[in-house]
Amino acid sequence: METFGTVKAGSRIAYDWRGGPLARMIRARLQAADLRPTRQRVSLAGLLFVAGDRHVTAEQLFHEAKALHMPLSLATVYNTLRQFVAAGLIREIALYGSTVWYDTNTGPHCHYFDEDRNQLSDMSFDVTQNLKIDPPPGRKIVGVDIIVRLRDDDDAVEPTPFP
């Protein structure tokens with residue numbers, strides 16, 4: 001069994017990237033997307049998909065991997081995320097500036113971006129269903145991205161916790 005992980009309280013916490021149940025499920029998902037289930041892809045997919053829908057940057061994912069002593073470079077994380085986007089496993093969300101976020105929820109939905117906390121989250125409802133947009137002749141709409149940018153209201157007595 002080939003593993004990696006951290007030592008905590010004298011015992012090694014390991015992730016079996018080859019044969020564990022999570023690894024088998026991820027390998028099948030990668031193969032279904034026509035991606036070869038390499039150690040790097042299985043490892044990063046495990047971090048991305050184990051906790052349900054989430055939003056991460058490549059740098060955040062890299063730091064999570066490093067905390068678990070996964071032998072990955074930042075370039076590998078970027079390349080793997082691009083491959084996952086191309087395969088339809090995750091969605092790329094380019095925000096203003098140079099930050100690119102990756103979303104494990106690939107279905108139609110809208111986002112909040114909290115500028116004060118640098119945090120992206122899903123809206124609880126999809127406002128795109130109410131839009132009436134006609135594409136130009138000969139074109140079709142393949143998606144609508146709505147990102148509502150937020151900041152703390154300095155006049156508020158106490159800010160509402162952000163989801």
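Three strands make up an open, antiparallel sheet in the order 3-5-4, where strands (E, at least two residues) and helices (H or I, at least four) are DSSP runs numbered from the N terminus. Strand 3 (55-57) and strand 4 (91-94) sit at its edges with a single partner strand each, so one side of each has no neighbour in the sheet. On average, neighbouring strands of this sheet are turned by 35 degrees against each other, direction ignored. Pairing here requires that DSSP finds at least two bridges between two strands. Strand 3 and strand 5 (residues 100-103) have three bridges in the antiparallel sense, and you can find His-55 opposite Asp-103 of strand 5. Helix 3 packs on this sheet and touches strand 3 and strand 5; contact means heavy atoms within 4.5 Å. The direction of helix 3 makes about 90 degrees with that of strand 3.

A word on what you are looking at: this is a predicted model, in which local features need pLDDT of at least 70 and side-chain atom pairs count only at pLDDT 80 or more, while totals for chains, interfaces and linings use all residues. Residues are numbered from 1 along each chain as its sequence is written, and side-chain values use heavy atoms, with hydrogens and water left out.

Now step back to the whole chain. The protein chain has four helices and eight strands, which follow one another from the N terminus as β-β-α-α-β-α-α-β-β-β-β-β. Of its 163 residues, 35% count as buried; buried means under 20% relative accessible area, exposed over 50%, and partly exposed in between (1.4 Å probe, protein chains only). The chain exposes about 10,300 Å², with 51% of that supplied by carbon and sulfur atoms; these areas come from the Shrake-Rupley method with a 1.4 Å probe. Among contacts with a separation of 6 or more, 42% are between residues 24 or more positions apart.

Let's move to the helices. Two packed helices are described by the angle between their axes and the distance between the axes. The axes are lines fitted to C-alpha atoms, for helices over the stretch in contact, and angles run from 0 to 180 degrees between N-to-C directions. Helix 1 (residues 21-32) packs against helix 2 (residues 39-49) at about 105 degrees, with the axes 10 Å apart. The two are therefore roughly perpendicular, on a scale where under 35 degrees is roughly parallel, over 145 roughly antiparallel, 65 to 115 roughly perpendicular and the rest oblique. Helix 1 brings Ala-23, Ile-26, Arg-27, Arg-29 and Leu-30 to the contact, and helix 2 brings Arg-41, Val-42, Ala-45, Gly-46 and Phe-49. By class, that contact has six nonpolar, one polar and three charged residues. Here Ala, Val, Leu, Ile, Met, Phe, Trp, Tyr, Cys and Pro count as nonpolar, Asp, Glu, Lys and Arg as charged, and the others, Gly among them, as polar.

Helix 2 also packs with helix 4: their axes come within 10 Å and cross at roughly 75 degrees, which makes helix 2 roughly perpendicular to helix 4. On the helix 2 side are Gln-40, Arg-41, Leu-44, Ala-45 and Leu-48, and they meet Thr-76, Val-77, Thr-80, Leu-81, Gln-83 and Phe-84 of helix 4. The residues of this contact divide into six nonpolar, four polar and one charged.

Phe-62 is buried, at a relative accessible area of 17%. Beyond its neighbours within four places in sequence, Phe-62 is in contact with Leu-72, Ser-73, Leu-74 and Val-77. His-69 counts as exposed because its relative accessibility is 52%.

The tour ends at another open sheet, with three strands in the order 7-6-8 and mixed pairing. Strand 7 (119-122) and strand 8 (147-150) are at the edges, each with a single partner strand, so one side of each lacks a neighbour in the sheet. The twist averages 25 degrees from one strand to the next. Strand 6 (residues 111-114) pairs with strand 7 in the antiparallel sense over four bridges; His-111 has Asp-122 as bridge partner, and Asp-114 stands opposite Gln-119. The hairpin of these strands has four residues between them, and there Asn-118 takes a positive phi near 50 degrees. Asn-118 counts as partly exposed, at 41% relative accessibility.
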